[in-house]
Number of protein chains: 6
Amino acid sequence: MPMLQVNLLKGYSPEIKHRLMRALTGAVRGITQAKPDAITVWIHEVGSDQYSRGGEPRQPGVGAPDSAAMVGDFLAAMEARDLEKAETYLAADFVMSFPGSGELRSLAQLVDWARGRYRYVKKTIIATDVAYGMDTTVVTTHGTLAGEWPDGRAFNGIRFIDRFELRAGLLVRQDVWNDLANANE
Amino acid sequence: MPMLQVNLLKGYSPEIKHRLMRALTGAVRGITQAKPDAITVWIHEVGSDQYSRGGEPRQPGVGAPDSAAMVGDFLAAMEARDLEKAETYLAADFVMSFPGSGELRSLAQLVDWARGRYRYVKKTIIATDVAYGMDTTVVTTHGTLAGEWPDGRAFNGIRFIDRFELRAGLLVRQDVWNDLANANE
Amino acid sequence: MPMLQVNLLKGYSPEIKHRLMRALTGAVRGITQAKPDAITVWIHEVGSDQYSRGGEPRQPGVGAPDSAAMVGDFLAAMEARDLEKAETYLAADFVMSFPGSGELRSLAQLVDWARGRYRYVKKTIIATDVAYGMDTTVVTTHGTLAGEWPDGRAFNGIRFIDRFELRAGLLVRQDVWNDLANANE
Amino acid sequence: MPMLQVNLLKGYSPEIKHRLMRALTGAVRGITQAKPDAITVWIHEVGSDQYSRGGEPRQPGVGAPDSAAMVGDFLAAMEARDLEKAETYLAADFVMSFPGSGELRSLAQLVDWARGRYRYVKKTIIATDVAYGMDTTVVTTHGTLAGEWPDGRAFNGIRFIDRFELRAGLLVRQDVWNDLANANE
Amino acid sequence: MPMLQVNLLKGYSPEIKHRLMRALTGAVRGITQAKPDAITVWIHEVGSDQYSRGGEPRQPGVGAPDSAAMVGDFLAAMEARDLEKAETYLAADFVMSFPGSGELRSLAQLVDWARGRYRYVKKTIIATDVAYGMDTTVVTTHGTLAGEWPDGRAFNGIRFIDRFELRAGLLVRQDVWNDLANANE
Amino acid sequence: MPMLQVNLLKGYSPEIKHRLMRALTGAVRGITQAKPDAITVWIHEVGSDQYSRGGEPRQPGVGAPDSAAMVGDFLAAMEARDLEKAETYLAADFVMSFPGSGELRSLAQLVDWARGRYRYVKKTIIATDVAYGMDTTVVTTHGTLAGEWPDGRAFNGIRFIDRFELRAGLLVRQDVWNDLANANE
């Protein structure tokens, strides 16, 4: 039954507004257990001459890129070994951690480390979930891996989960878990 | 700069309203990149005689339990091997998956399966994140494991992540990843 | 899809608020053709210290009695020949018009006029409809009449419609049509 | 003193918004007895990218045609014996009832039935009232009839009332009462 | 923490909206002592087809000229002895009062009266303050005077304050105080 | 025609809300020139569990004392030479300026300075106006003085204006102008 009136400065894209309405609806639903159909969101947009804080006009921000899509694009770039593109998603202090890798601080380091572990790996994604924290947005994506071991044998159906932390629209942390060690036992 | 006016039926607890305001603020922040201080949420509560949908009055729901707290309580009950209490958090069709376990469908099955793997295990949690989807709430919690192998040797600092799906206030799925296999290599 | 936020001074009864929400929902539905389920009404009530017009606080009115119920009560009083009670619903300048009666200005006049037409009459009501105009509320009620002719023969199933005009919570006009003349042909 | 904020999807015509504001004002006035001047209605319109129900965008409806105008047009078409045009206002299951006619199901049937009753008839309308129900809109129009009896004698000033039920913008029922039988006695 | 949603008819200039937002913020701040940064104002503008009072559409006013700016312009015109321009700011019943002048009713009268008092005078303004009353807007402006006495001696740093009453966008009263008499003692 | 919805935390006194509604109405009236009767203010109060900024609950302030009343009380205490009471209204850095006095920094200094000027003085107030700035509230009060010169002669009808600056509910500055020097010429 909840109704949300969102007062927003004009200037956000329809895509961002759509994402916002879905995220707000999800939060209301998850917390109140109201039926989706009973949750309405209305965005009232005003121009910068129709809003003030402390008596001063303000400008709308640009909005953050879609966190889930960004993680998907980053993973696709990594799968394609397009490190240059992948770098564009990373904050300066980006840190990665894979099973047994310890903390890695560059994609080059990761590629080195992975070399002895598999020839290539492809992800089939089951779900990507976005958790909005106060300072950080956390994206987790899980599914299964398929690929080839260093000796050329194929593997598939191996479970994985990647957890990403995003700040200010960039990836600051990636933590990866998977069952490759179990599969290789 | 965004302002949210939430129209809500009276009857939700202060705790639920607080959780709702934080979740909405997080979503707005994560998507618009507005500064937290500039995001205000106002809940206007009305009695059931002040609201109608389709001309009919409606009753407020009870709200869902705190998903993150619930997952914490479930994990604590499991660590304490209080299976009876742990069961109270589970939906009838609850499914679990651990590294190498395949799908398990009861806590008893899990205890059996775990028996040969470690004497006991304790979790140190780094973060718990809640992602509100349209039908499912996903809670992920990650950190490190400490415990004893079957042969009595101690282990600690082993990375883990648990992903839970909740529906209607109950756990329907738990997927667990950790580096126990790597640690034991 | 429409959402109505009604700002109202505290003090109206739940019954009046319910009637108001239904009337607003009906008007929105009849004009926009939105589905009832998609039409929500929220009444935000404020105390008289939370409202001003022209800088001055105002007091809530008492609200009008339910127009449809009032017409029902008036007709029941008339059927029971309780003229004293019936009078309480009438404005000073009340006017009535029945088939062939011309304009009557008192209930006593009506009783006189009706004497030669039937021994008694009872109404079975099919529907009562309320039309809210800017100055006048119009209530129409239609259905069938049963009763006895002056010679004692029974009649029933004779169509009728009564149209009432209300101002300031009192009946100012009643216009009655029925098929008694046709039935008696 | 009441203030209505109506949140509406963009796309309704100014005429529909005007009708809506008047109907809402009338309902508020009729039920709270607030003075018209103290009743304000504000329509906040949002684009389809600014609204969601259940997280999904929705499209505005087209709005219903003006019920009172539609009834006026239908009656004018009937008076002009333009049955083709009159048919366009009728739902498939349209039913009519006139004094002594029983239920008629087509305009052709009506014309047949009326043939012996008068040569022609013209309506002078006193008032048309619209009652918005939850599923049905009821329009009543009353006034006086003028015309010629089958034998050529003129008549006029004969009271009538027509009650129409509308659903989904079409007439589903017309019930007519008048004093023709009394006049002809 | 206060949030103001202002519903306004479209048609006011950005300058008027800015002035309005600042005045509202100031009033909220002065009365609640909330921090400016915590006071937000949102103006929701609607077209004249989206608003009704008493069921009738209304037109927006043009807004009043900036009272502080108007007083500044009037004083500049007076300093430049451009009486023609200065007259345009005055209501028909404008009244002035200077130290020792009694009530003057025309600019010509003022010029006469001032002749023996100083050769010319220039104002350095410290602050201009606007007080919005229910019927009258009061503008006070204070600072120091510099100029020449009739005998040619210069003076400066002499305190003054002018108090103006405005109605319907015109000056209806000017009351002036200064320390010229003290300076000349 | 403007409508203001003010969202406020519960806890402000009715007196503060009344003052706020009048000040807001005045500002709207002075700037838009809308008729007072057409300006409505609705205060929606929410408890501290119904509001968050940055996801955190906030507490309402206590509100500022009525600036105009405070100035009136201060002036009454000064007239009654109740310096102790008068001190309670002053900020630590309070500064006064009277005609010919230069800047005075304590009430004692003022009493000293005034001793040679008049035996006593009483104020008849014509109007008190409050201007809400972003950081400072300015109160001006003007009228006429009556009293006795040091030599015992009475005086009255002498124009005065006092301008006060208030910050955080205390007087930080008083500037006084009057025609005593002219009267004594």
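**Entry 1: a strand pair in chain B.** I started at B:T140, which stands opposite B:R163 in β8(B). Worth noting before I go on: this is a predicted model. I then asked how many bridges join β7 of chain B, residues 137-148, to β8(B). I found 11 bridges, and the two strands run antiparallel. Next I looked at how the chain gets from one to the other: β7(B) and β8(B) form a hairpin with 5 residues between them. In that turn I picked out B:G152, which has a positive phi of about 95 degrees.

**Entry 2: the other neighbour of β8(B).** I followed the chain on to β9, residues 170-178 of chain B, and found 8 bridges joining β8(B) to it, again antiparallel. Here B:R167 stands opposite B:L170 in β9(B). This is a hairpin too, with 2 residues between the strands. B:A168 sits in the turn and has a positive phi of about 50 degrees.

**Entry 3: is β8(B) mostly covered or uncovered?** I checked residues 154-167 of chain B, the span of β8. The strand is mostly covered, with 10 of its 14 residues buried. I also jotted down a general point: side chains in a regular strand alternate between the two faces of the sheet.

**Entry 4: chain A against chain B.** I wanted to know how much area these two chains bury between them. The value is about 5400 Å², with 61% of it on carbon and sulfur atoms. The contact takes 67 residues from chain A and 67 residues from chain B.

Entry 5: I counted 4 salt bridges between chain A and chain B. In one salt bridge, the side chains of B:D129 and A:R163 meet at 2.7 Å, N to O. Helix α1 of chain A, residues 14-32, gives the largest share of the side that touches chain B, namely 14 residues.

**Entry 6: chain B and chain F.** I superposed chain B on chain F with a rotation of 120 degrees and 0.0 Å of shift along the axis, at an RMSD of 0.1 Å. That is the relation of a three-fold axis. Which residue of chain B comes closest to the rotation axis? I found B:H44, with its C-alpha at 4.5 Å. Lastly, I compared interface residues: only 12% of those in chain B are also interface residues in chain F, so the copies meet through different surfaces.

Methods
Residues numbered from 1 in each chain as written. Chains lettered and ligands numbered in written order. Predicted model: local features only at pLDDT ≥ 70, side-chain atom pairs only at ≥ 80, totals over all residues. Heavy atoms only, no water. Least-squares fit on C-alpha atoms with pLDDT ≥ 70 in both. Contact = heavy atoms within 4.5 Å. Buried < 20%, exposed > 50% of the residue type's maximum accessible area, 1.4 Å probe, protein only. Helix = DSSP H or I, 4+ residues; strand = E, 2+ residues; numbered from the N terminus. Pairing = 2+ DSSP bridges. Buried area = accessible area lost by both parts, 1.4 Å probe.
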